Amino acid sequence: MARRLNITTHASDAVQGEGSYVKVRAVTWGESKRLALAFEGMDMATKFDAADDQLVKRVVEWNWVDDEGVVLPLPKDDPTVVDRLTDAERGFLARVFEGKAEEKN
């Protein structure tokens, strides 16, 4: 039976240490088109907000922690967590969303 495989798992060892991972929901073609068109007319602050919104919507699971080893809440549960991510972590997620990060088996 067919089953849509729109949630992928990615090892995030490079930014969160060995055994870390993130699961993300794929963007649909319609969402992609709407985002591309909307981004054209946005100022920088609005683009940041839109990017954060996508992160909140698309990250479905992770086992990430902060500098003290405290588990970070999922963005859907606490959207402010995106502002606590490092540049490397945010860059990793951008690569995942762009399909440029390897999936975990």
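Trp62 is buried, at a relative accessible area of 7%, where buried means under 20%, exposed over 50% and partly exposed in between (1.4 Å probe, protein chains only). This is a predicted model, so to speak: local features need pLDDT of at least 70, side-chain atom pairs count only at pLDDT 80 or more, and totals for chains, interfaces and linings use all residues. Residues are numbered from 1 along each chain as its sequence is written, and side-chain values use heavy atoms, with hydrogens and water left out.

**Confidence**

- The protein chain has a mean pLDDT of 90, with 95% of its residues at 70 or more; pLDDT is the predictor's confidence in each residue, from 0 to 100.
- Helices (H or I, at least four residues) and strands (E, at least two) are DSSP runs, numbered from the N terminus.

**Aromatic cluster**

- How many aromatic pairs does a search of the whole structure find? The search turns up 2, taking rings of Phe, Tyr and Trp (its six-membered ring) with centres within 6.5 Å; planes under 30 degrees apart are stacked, over 60 edge-to-face, and the rest tilted.
- Trp62 and Trp64 have ring centres 4.7 Å apart and planes at 10 degrees, so this pair is stacked.
- Trp64 is buried too, with a relative accessible area of 0%.
- Trp64 and Phe92 make a tilted pair, because their ring centres are 6.3 Å apart and their planes sit at 50 degrees.
- Trp64 is in the loop between β3 and α4 while Phe92 is in helix α4, so the pair ties together parts 28 residues apart in sequence.
- Phe92 is buried, with a relative accessible area of 7%, and Trp62, Trp64 and Phe92 form one aromatic cluster.

- In α4 (residues 87–97), the buried residues are Glu89, Phe92, Leu93, Val96 and Phe97.
- Down the axis of α4, those buried residues fall within an arc of 140 degrees, so they line one face of the helix; the arc is that of the directions from the helix axis to the C-beta atoms.
- They pack against β1 (7–11), α1 (13–16), β2 (21–25), α3 (44–58) and β3 (59–62).
- The largest nonpolar core has 17 residues, and those with the most contacts inside it are Val22, Val59, Trp62, Trp64 and Leu93. Such a core is a set of buried Ala, Val, Leu, Ile, Met, Phe, Trp, Tyr and Cys residues joined through side-chain atoms within 4.5 Å.
- At least two residues of this core come from each of β2, α3, β3 and α4, and the largest share, 4 residues, is from α4.
- Leaving aside neighbours within four places in sequence, Leu93 is in contact (heavy atoms within 4.5 Å) with Val22, Leu55, Val59, Trp62, Trp64 and Leu85.
- Gly99 follows α4 and has a positive phi, near 75 degrees.

**Gln16 and Glu89**

- Gln16 lies in helix α1 and is buried, with a relative accessible area of 17%.
- What joins the side chains of Gln16 and Glu89? A polar contact of 2.6 Å does; the term covers a pair of N or O atoms within 3.5 Å, where within protein one must be able to donate a hydrogen and the other to accept it, and residues adjacent in sequence count only if both atoms are side-chain atoms.
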